[in-house]
Amino acid sequence: MEPFDLAGVTVTADALHTQRAHARFLVEEKQAHYLLVVKANQPGLLRQLRALPWKHATARRYDRETGHGRKETRATRALTVTELGLDFPHAVQAVKILRHRTDIRTCKVTRQTVYALTDLTARQASPQRLGQLARSQWVIENRLHFVRDTTFAEDASKIRTGYGPQNMATLRSFAINVLRAAGHANIAAGIREMSYEPFRRPLDLLGLT
């Protein structure tokens, strides 16, 4: 992200990038803001977030929506943590999002709790805004990482040496982008359509015929 002007931009990222050096880089060098998800790869930080006095959080937001065959309810809480000794650079607010999902067909209910940190103050970002930022990150997960993990079985790939993993990741991203640009909302269905005539349709898609 070094080449980009990020002044005033809020950068969202999943737990892989919830690193102290990344937070300092964004705030101190790029004059940007961050909202970073915290998961089990930062066990100490996650324990600190879980132990915060969430019951006393007065900044709350509730959202409900129906779509993609499920009903979802999200409760977003935010706490100012500047005086709570949280060990993360520039952290001003902690966020807790409780997601309840009900499958309309099976009535199965799932529950997930998501924690995040941001340098945005309560005046700059309400729980509603923080929830929107978190959802923007989930959209990326659903449109890219989920597709790579499920449709392309990236996690099961046995290509692990040299530049092989990076090269394959580039090819997978290229395929996803080309299919989306051609109007394929469902990548798995797009790949099946290409496979019906593998010596012609992929070339047509790339404009090489």
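Trainee: Which helix does L203 lie in?
Mentor: L203 lies in helix α6. That helix covers residues 201–206. Keep in mind that this is a predicted model.

Trainee: What does L203 touch, leaving out residues up to four places away in sequence?
Mentor: L203 touches L208 and T209.

Trainee: And which residues make the nonpolar surface patch?
Mentor: F174, L203, L206 and L208 make that patch. Its area is about 380 Å².

Trainee: How far is L203 from Q112?
Mentor: Their C-alpha atoms are separated by 42 Å. Along the chain, L203 and Q112 are 91 residues apart.

Trainee: New topic. How many aromatic pairs does the structure hold?
Mentor: It holds two. One of them is Y34 with F88, an edge-to-face pair.

Trainee: Where do Y34 and F88 sit in the chain?
Mentor: Y34 is in strand β2, residues 33–38. F88 is in the loop between β4 (70–80) and β5 (93–103). The pair links distant parts of the chain, 54 residues apart.

Trainee: Y34 first: buried or exposed?
Mentor: Y34 is buried, with a relative accessible area of 0%. F88 is buried too, at 6%.

Trainee: What about the pair of W54 and Y115, how are the rings set?
Mentor: W54 and Y115 form a tilted pair. The distance is 6.1 Å centre to centre, with 50° between the planes.

Trainee: Which parts does that pair tie together?
Mentor: W54 lies in the loop between α2 (43–50) and β3 (59–67), and Y115 lies in strand β6 (residues 109–118), so the pair ties together parts 61 residues apart in sequence. W54 is buried, with a relative accessible area of 3%. Y115 counts as buried at 9%.

Trainee: Now the inside. Which residues touch the most other members of the largest nonpolar core?
Mentor: Y34, L49, F88 and L117 do. That core has 24 residues. The elements giving two or more residues to it are β1 (10–13), α1 (20–29), β2, α2 and β6.

Trainee: Why would a core like that form?
Mentor: In soluble globular proteins, nonpolar side chains tend to be buried together.

Trainee: What does F88 touch, again skipping residues up to four places away in sequence?
Mentor: F88 touches T18, Q19, R20, A23, Y34, L36, L45 and L117.

Trainee: Which residues does the second core include?
Mentor: V95, I97, L120 and L133 are among them. That core is separate and has 12 residues.

Trainee: Let's do charges. How many salt bridges are there?
Mentor: The count comes to 12. In one of them, the side chains of R20 and D87 meet at 3.3 Å, N to O. R20 is in helix α1, and D87 is in the loop between β4 and β5. They are 67 residues apart.

Trainee: What about R20, buried or partly exposed?
Mentor: R20 counts as partly exposed, at 26% relative accessibility. D87 is partly exposed as well, at 45%.

Trainee: Which residue does E65 meet in a salt bridge?
Mentor: E65 meets R135, at 3.2 Å, N to O. E65 is in strand β3, and R135 is in helix α3 (residues 127–150). The two are 70 residues apart.

Trainee: Which residues are joined with them into one network?
Mentor: Salt bridges that share partners join E65, E72, R74, R99, R101 and R135.

Notes. Residues are numbered from 1 along each chain as its sequence is written. This is a predicted model: local features need pLDDT of at least 70, side-chain atom pairs count only at pLDDT 80 or more; totals for chains, interfaces and linings use all residues. Side-chain values use heavy atoms; hydrogens and water are left out. Rings of Phe, Tyr and Trp (its six-membered ring) pair if their centres lie within 6.5 Å; planes under 30 degrees apart count as stacked, over 60 as edge-to-face and the rest as tilted. Helices (H or I, at least four residues) and strands (E, at least two) are DSSP runs, numbered from the N terminus. Buried means under 20% relative accessible area, exposed over 50%, partly exposed in between (1.4 Å probe, protein chains only). Patches are made of residues with over 30% relative accessible area and no salt bridge: like charges are joined within 9 Å, nonpolar side chains (Val, Leu, Ile, Met, Phe, Trp, Tyr) within 5 Å. Accessible areas come from the Shrake-Rupley method with a 1.4 Å probe; for residues, only the protein chains shown count as cover. A salt bridge is a side-chain nitrogen of Lys or Arg within 4 Å of a carboxyl oxygen of Asp or Glu. Contact means heavy atoms within 4.5 Å. A nonpolar core is a set of buried Ala, Val, Leu, Ile, Met, Phe, Trp, Tyr and Cys residues joined through side-chain atoms within 4.5 Å.
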